[in-house]
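Here is my note on the model you sent. Please read it point by point with the structure open.

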Amino acid sequence: YPTFLGSEILPPISFDSYTGIPASDTTIGPVFQHSGIVDVQKLAGRHTISFGGAIVHTHEEQGSLASTSLGFLRGQTGDLVASVPNLQKTSGNAFASFLLGLPDSSARQLGGAFVDQATYGYGFYLQDTWRNGRLTLNGGIRYDYNAPPVNSYGLGTFYYEKGTYVFDLKNPITGAAATIRRGGITPDRNNFAPRFGFAYQVTPSTVVRASAGIFYDSFGSNYIQASQSAAGNWPFSSPQTISHLNAAAINAVLPNPFANFGDPVGSPTTTGCSQCLNVDPASSRTPYVSEWTLSVQKQFGQSLGVEVAYFGSKGSKLTAQMLDNIAPAPSPNPNNLQTVRFPGFSPWALNGYNEYNSNYNGLAVRVQRQYVHGLSY
């Protein structure tokens, strides 16, 4: 079996009629994240100027044993004494098969679903707050960029819009050159986020506030996860499963049951991907949310205050997984997989399809009486 993140492993082992020896099929880490942040504030007359930035570097390792296994059945030690006179046939014992090192099946994945990916991001902002009597204004802009994660083991995925399979390193099976940039996703360098707000004291007891801004989901749900989920895809992983071993004759023994079967070289044709990464530039942009507020605060007397506030938001290019690989027309036979656009791929071909929208509108009314004469509410 191939090493697991550089270490020898005990594969998950199953025994017929016995409790098996499980093994955790996923290891996440180590994960390193190094960041530097600088914030500066300058007071100049009526202005309060704020500016700064941050840079973050992320490096993650992860592995999976989902395609590694070793199984033992009773048949490999059954009927071994059938040729001896006056002895009854035995049905065998799976643990005896294990003690003799005679598995019934075994699976491994050369290349594996390993992740060794790194990425970096940075952001900068500038904001000015100006105060003059009853009016306060503030405005600013922020810029964020996060580079697509790059897996040193290579990325293979399906380009749904073009109907082709792509990979970002030299194909180890066919020798073909890479067909897409490293990491697959085209960088999104258009993440400018303006912000604006004001507060105005209409009367000594009435204040109006409003604000609006755009906020990018730069480190959102799919930023790291979508890329790591696409690990282990063709052509950088070569699975091998052997079964019905040692049935008629001994042909696979521990510690290497694969000795008589050779190393898998992998299929020269595309075998698909368990999780495909969306790499189309139009639908892999950074998600963002536009937000706006308006509120009015009114004080009555010395103890009673009323506030009415409205909040609205609109999400754009939000992340989701789309059921895209479906039949263009209903089929009379629902089990006929040939009706889908791309047979051999799951119905949810794209992981990280950032083309969904949302909207929200909310109204809040608050009445508050301070503690006076033994009563507050």
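1. S303 sits in the loop between β15 (288-300) and β16 (304-318). S303 is buried, at a relative accessible area of 17%. Buried means under 20% relative accessible area, exposed over 50%, and partly exposed in between, with a 1.4 Å probe and protein chains only. Not counting residues up to four places away in sequence, S303 touches Q368, R369, Q370 and V372. Contact means heavy atoms within 4.5 Å.

2. A word on the basis. This is a predicted model, where local features need pLDDT of at least 70, side-chain atom pairs count only at pLDDT 80 or more, and totals for chains, interfaces and linings use all residues. Residues are numbered from 1 along each chain as its sequence is written, and side-chain values use heavy atoms, with hydrogens and water left out.

3. Now the whole chain. It has 2 helices and 19 strands. Its radius of gyration is 31 Å, while a compact globule of 377 residues would have one near 21 Å. That radius is taken over C-alpha atoms, and the globule rule is 2.2 Å times the number of residues to the power 0.38. The C-alpha atoms fill a box of roughly 110 × 60 × 50 Å along the principal axes. Of the 377 residues, 36% count as buried. Among contacts with a separation of 6 or more, 72% join residues 24 or more positions apart.

4. How many disulfides does a search of the whole structure find? The search finds 1. A disulfide is a pair of cysteine sulfur atoms within 2.5 Å. This one joins C273 to C276, with S to S at 1.9 Å. The link is right-handed, with 65° about the S-S bond. Both C273 and C276 are buried.

5. Look at C273 itself. C273 lies in the loop between β14 (238-242) and β15. Its relative accessible area is 11%, so C273 counts as buried. Leaving aside neighbours within four places in sequence, C273 contacts G156, T157, F158, Y165, N233 and F345. C273 and A230 are 43 residues apart in sequence and 7.5 Å apart in space, C-alpha to C-alpha.

6. Is F167 buried or exposed? F167 is buried, because its relative accessible area is 7%. F167 belongs to strand β11 (residues 164-167). Beyond four places in sequence, its contacts include L155, G156, I180, W234, P235 and F236.

7. Check the cis peptide bonds. One joins W234 and P235, with omega about 5°. P235 lies in the loop between α2 (225-229) and β14. Another joins L254 and P255, with omega about 10°. P255 is in the loop between β14 and β15.

8. Check the positive phi angles too. K317 is not a glycine, yet its phi is about 55°. K317 is in strand β16 and is partly exposed, at 27% relative accessibility. H373 also has a positive phi, near 55°. H373 is in the segment after β19 (356-369). At 80% relative accessibility, H373 counts as exposed.

Definitions and conventions:
Helices (H or I, at least four residues) and strands (E, at least two) are DSSP runs, numbered from the N terminus.
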